[in-house]
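Try each task before you read its solution.

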Amino acid sequence: MRFLRSALVSFLVLAAKVLAKSSSGDAVLVLLDPSLDRANYSIFFSGLEKRGYNLTFRAPKDASPAISEYDVPNYSHVILFTPDTKTYASDITPQSLVGLLSESTNLLIALSPKQTPLTSLATEFSLILPPPGTPLLSHYPKRPEPANIIPVSVPESPILTPSTPPVWFSGIPHALGNNPHLVPVLRAPEESFAADSTDDSGADAIVDASEKGGEGLWAGSQMGLVTGFQTMKNSRVVFAGGVELFSDEYARKELPSGLPSGNAQFARDVTAWAFKETLTLRIDRTEHHRVNETAAPEMYTVNDQIVYTAYISAYDRKTSSWKPYSGIADMQLEFTMLDPHVRTALPPVAGEPGKYEVQFRAPDRHGVFKFVVGWRRTGYSFLHTTTTVPVVPLRHDQYPRFLSAAWPYYAGAISTSVGFFLFAALWLSGDVKGEKKNLKGAKSE
């Protein structure tokens with residue numbers, strides 16, 4: 001019975017992914033702190049529902065609905081809006097959330113100025129948080145709002161819609177480690193800083209830290225406000241410095257310039273990336289064969305001319321389908337045996353969407369080789385595939401009978417043979433009779 005139930009859960013999860021608006025499924029679990037009113041985030045949640053997501057709400061300390069059963073996630077995405085929660089149900093731990101990522105479940109996490117279990121989770125992803133109770137402050141531009149409510153300009157990014165207006169932010173910043181899987185989305189303004197009070201009592205400390213340039217410096221655009229992380233399995237997690245970023249108040253709040261804020265659009269773009277609607281690529285299949293052939297051989301011979309082809313598609317959220325994608329101009333193919341023996345560009349084929357092809361010569365060395373395609377760019381799905389093939393030396397009957405480089409040796413051998421035969425012929429055809437007469441004359445004397 002337990003096996004049948006597990007199989008049913010797996011089937012339902014797979015069916016949800018097949019019919020999904022997102023490339024990884026539409027089921028979303030929302031962990032909402034009891035101190036937060038769902039109505040204050042109606043624009044954000046209703047926007048997700050209009051895009052086809054099925055939202056399930058749960059308090060952080062509730063045991064049901066279960067986030068996973070029999071090690072199979074019940075949801076494709078999890079949103080944690082729990083800024084004041086310090087204790088969770090047994091199935092919500094930093095370790096279990098990392099385990100969800102390994103099962104291709106995506107996360108959207110709002111951090112808190114307080115010390116919570118999510119604080120330790122953020123450090124696992126190379127995010128360095130300031131001490132508790134140190135929100136981001138900025139006195140520029142001049143505005144009636146407090147210093148901890150800041151309009152932040154939205155940068156140009158493939159994740160975000162171009163020309164998005166500035167967004168209102170209130171929360172904590174974080175410093176970024178040197179992990180290459182980090183995806184910066186929104187950075188702090190240059191004139192902002194983190195402090196434990198909203199007045200200027202800590203200004204001297206900020207100045208001293210900036211002069212020393214030490215680790216205690218929490219100021220400027222080096223700090224992140226919203227940062228993503230993409231795992232090797234292409235699951236995604238986004239850390240936001242404050243839950244108010246997604247609130248209706250900030251979505252409706254006008255900027256100091258009088259224009260509407262970009263919070264609603266920014267939230268749509270961030271969730272579209274986190275839930276793998278955008279910048280999601282995959283390798284459908286690969287092919288390889290000799291020139292003027294179509295089938296892949298069991299083995300290649302040294303110096304063979306090889307054709308390698310890869311077919312790549314991108315997820316189209318408008319049609320909820322995968323379509324051929326030819327927008328990669330810097331992909332490379334490696335033919336490796338421990339080290340790359342051949343590294344060449346793998347360009348798209350003109351007139352054939354989604355097809356990338358290259359022809360190259362196999363190295364003059366036999367062994368077990370791999371076709372390796374590895375493409376990693378910030379924000380995009382990682383593309384990686386390997387195919388193992390053997391490369392063998394020529395058979396005894398495949399070597400050429402005459403080599404142009406050996407003609408001096410051929411000429412030397414032939415000239416030696418001809419000289420020997422001429423010498424032998426002259427020796428054998430010498431004057432033997434004259435020698436006999438000389439011998440007879442010597443005897444008569």
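**Exercise 1.** Which residues make a nonpolar surface patch of about 290 Å²? The model is a predicted one, so take the solution as a reading of that prediction.

*Solution.* Start with the members: the patch is made by Ile414, Val418 and Leu422. The relative accessible area of Val418 is 44%, and patch residues need over 30%. Val418 therefore passes that cut-off, and counts as partly exposed.

**Exercise 2.** Work out the strand order of the open sheet that has five strands, and find its edges.

*Solution.* Reading across the sheet, the order is S17-S24-S23-S20-S21, with mixed pairing. The edges are S17 (300-301) and S21 (339-345), each of which pairs on one side only. Now look at one pair inside that order: S23 (residues 367-375) and S24 (residues 383-392) run antiparallel and are joined by nine bridges. For a landmark in this pair, find Val373, which stands opposite Thr385 in S24.

**Exercise 3.** How many cavities of 30 Å³ or more does a search of the whole structure find, and which residues line the largest cavity?

*Solution.* The search finds one cavity of that size. The largest cavity holds about 60 Å³ of space. To locate this cavity, select its lining residues, among them Ser112, Lys114, Thr119, Leu129 and Ile172. The lining also includes Pro130, Pro131 and Pro132.

Methods
Residues are numbered from 1 along each chain as its sequence is written. This is a predicted model: local features need pLDDT of at least 70, side-chain atom pairs count only at pLDDT 80 or more; totals for chains, interfaces and linings use all residues. Side-chain values use heavy atoms; hydrogens and water are left out. Two strands pair if DSSP finds at least two bridges between them. Helices (H or I, at least four residues) and strands (E, at least two) are DSSP runs, numbered from the N terminus. Patches are made of residues with over 30% relative accessible area and no salt bridge: like charges are joined within 9 Å, nonpolar side chains (Val, Leu, Ile, Met, Phe, Trp, Tyr) within 5 Å. Accessible areas come from the Shrake-Rupley method with a 1.4 Å probe; for residues, only the protein chains shown count as cover. A salt bridge is a side-chain nitrogen of Lys or Arg within 4 Å of a carboxyl oxygen of Asp or Glu. Buried means under 20% relative accessible area, exposed over 50%, partly exposed in between (1.4 Å probe, protein chains only). On a 1 Å grid over the protein atoms alone, a cavity is a set of points where a 1.4 Å probe fits but cannot get out, and a pocket is an open set with protein on both sides within 12 Å along at least five of seven lines; lining residues have an atom within 4 Å of a point. Grid points are joined across faces, edges and corners, and a volume is the space filled by probe spheres set on the points.
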